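Please look over the sequence and the structure shown here. A short briefing comes with them.

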Amino acid sequence: MTIPPPLKPGGTVFLTAPSSPLSDSQPAADIAAAVERLGFRAAVGASCIAPATARGYAAAPPAVRAAELNRAFADPGVDAVWCVRGGSTAWQLPPLLDAECIAAHPKPFIGFSDVTTLHLFLQRRCGLASFHGPTANRVLSWGGDDFSWRSLRAALSMGPCLPLENPPGEPVRVLRPGRARGRLTGGNLSLVVQTLGTPEQIDARGKILFLEDVGEAVYAIERMLHQLCRAGVLGAAAGLLFGDFTGCRNAYRAEYGPEALLADFFRNWPVPVACNVRSAHCTPMATLPVGAVCRVEGEKIWFCRE
């Protein structure tokens, strides 16, 4: 697995919309200006401008979005690729991406939610680690969120090892104690399940599997966990980490939420299980280097360039 080189101050960050279009309240020019205030140069992809050829809930046709990503990785003048938002339709892109070109030009790739599909593509098809972190549109609301920027900056410049730091007052909670070591994989639970049966199907063998979600009913979370069990994914993992399940509720028993489900589901699990890793649809948000080696010792988690 290749860990991309650190992103240095003044580097050029390419902004792309691989999924849904930006809203009128978050124009690409404002996002680019906010990224430049962080100390980078911003280049804006055509997908961020919502071209007239876009239809439905995609920022642009699949061929346009995929070609933009291929060019961004191949371009020696681009130092990192940052997705401006999630949404839907990233699943259309893997068949159109140039895995050999991307693998030959490793650089930081940042995003979360629907971007999970692309993180898994980079791992499975390109052997490239990437960053499960905030999308660039979130920079617009970072006035009172120092933590998310510090976490992203630390991940993009990580040295030999990077400890996971949750926001103050949000401890990682241990559901099953123990030690584990393996490369980090995963992302949004719904998108991870969607990879089953595809060339990008998640490979959790001997790895630390991270999962989070948003707006799903608790029974749907349980159904997806059972599907991953039956597909052999959960049982193959060396350890399990769960993020926030924002807006995930139980319509039948309000007191039985996602964490209660996880505690029951993994009550006798044979490997370490922890929850409340704050890299999800939450604010503040920690950035995780997916593909890096992850070490787990109870509530202590860190990532290494090995």
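Predicted model: local features only at pLDDT ≥ 70, side-chain atom pairs only at ≥ 80, totals over all residues.

Residues are numbered from 1 along each chain as its sequence is written, and side-chain values use heavy atoms, with hydrogens and water left out.

- Six strands form an open sheet in the order 2-1-3-4-5-12, and the pairing is mixed. Strands are DSSP runs of E with at least two residues, and helices are runs of H or I with at least four, both numbered from the N terminus. Two strands pair if DSSP finds at least two bridges between them.
- Strand 2 and strand 12 (288-290) are the edge strands, and each pairs on one side only.
- Neighbouring strands of this sheet are turned by 25° against each other on average, direction ignored. Such angles are taken between axes, which are lines fitted to C-alpha atoms (for helices, over the stretch in contact); they run from 0 to 180 degrees between N-to-C directions.
- Strand 1 and strand 2 are parallel and share four bridges. Valine 13 has alanine 42 in strand 2 as its bridge partner.
- Strand 4 (residues 109-111) and strand 5 (residues 130-132) also run parallel, joined by two bridges. Here isoleucine 110 stands opposite phenylalanine 131 in strand 5.

**Strand 1 and threonine 16**

- In strand 1, five of its five residues are buried. Buried means under 20% relative accessible area, exposed means over 50%, and partly exposed lies in between (1.4 Å probe, protein chains only).
- In a regular strand, side chains alternate between the two faces of the sheet.
- Thr12, Phe14 and Thr16 are buried on one side of strand 1, and Val13 and Leu15 are buried on the other.
- Threonine 16 belongs to strand 1 (residues 12-16). Its relative accessible area is 0%, so threonine 16 is buried.
- What does the side chain of threonine 16 join in a polar contact? The partner is the side chain of glutamate 68, at 2.6 Å. A polar contact is a pair of N or O atoms within 3.5 Å; within protein, one must be able to donate a hydrogen and the other to accept it, and residues adjacent in sequence count only if both atoms are side-chain atoms.
- Leaving aside neighbours within four places in sequence, threonine 16 is in contact with residues including Ser47, Cys48, Leu69 and Trp82. Contact means heavy atoms within 4.5 Å.

**Helix 1**

- Ala28, Ile31, Ala32, Ala34 and Val35 are buried in helix 1 (residues 28-37). Seen down the helix axis, these buried residues fall within an arc of 160°, so they line one face. The arc is that of the directions from the helix axis to the C-beta atoms.
- Ala29 and Arg37 are exposed, on the face turned away from the buried side.
- The cover over the buried residues of helix 1 includes strand 1, strand 2 (41-44) and strand 3 (80-83).
- Just after helix 1, glycine 39 has a positive phi of about 110°.

**Threonine 2**

- Threonine 2 lies in the segment before strand 1. Its relative accessibility is 35%, so threonine 2 counts as partly exposed.
- Leaving aside neighbours within four places in sequence, threonine 2 is in contact with Pro106, Gly127, Leu128 and Ala129.

- A second open sheet has eight strands in the order 6-14-13-8-9-10-11-7, with mixed pairing. Its edge strands are strand 6 (161-163) and strand 7 (173-176). The twist averages 30° from one strand to the next.
- Strand 8 (residues 179-188) runs parallel to strand 9 (residues 208-214), with five bridges between them. Glycine 186 stands opposite phenylalanine 210 in strand 9.

**Aromatic rings**

- There are eight aromatic pairs. Rings of Phe, Tyr and Trp (its six-membered ring) pair if their centres lie within 6.5 Å; planes under 30 degrees apart count as stacked, over 60 as edge-to-face and the rest as tilted.
- The rings of tyrosine 219 and tyrosine 252 have centres 6.4 Å apart and planes at 50°, so this pair is tilted. Both tyrosine 219 and tyrosine 252 are exposed.
- Phenylalanine 242 and phenylalanine 245 also form a tilted pair, because their ring planes stand at 40°. Both phenylalanine 242 and phenylalanine 245 are buried.
- Ring pairs link Phe242, Phe245, Phe265, Phe266 and Trp269 into a cluster.
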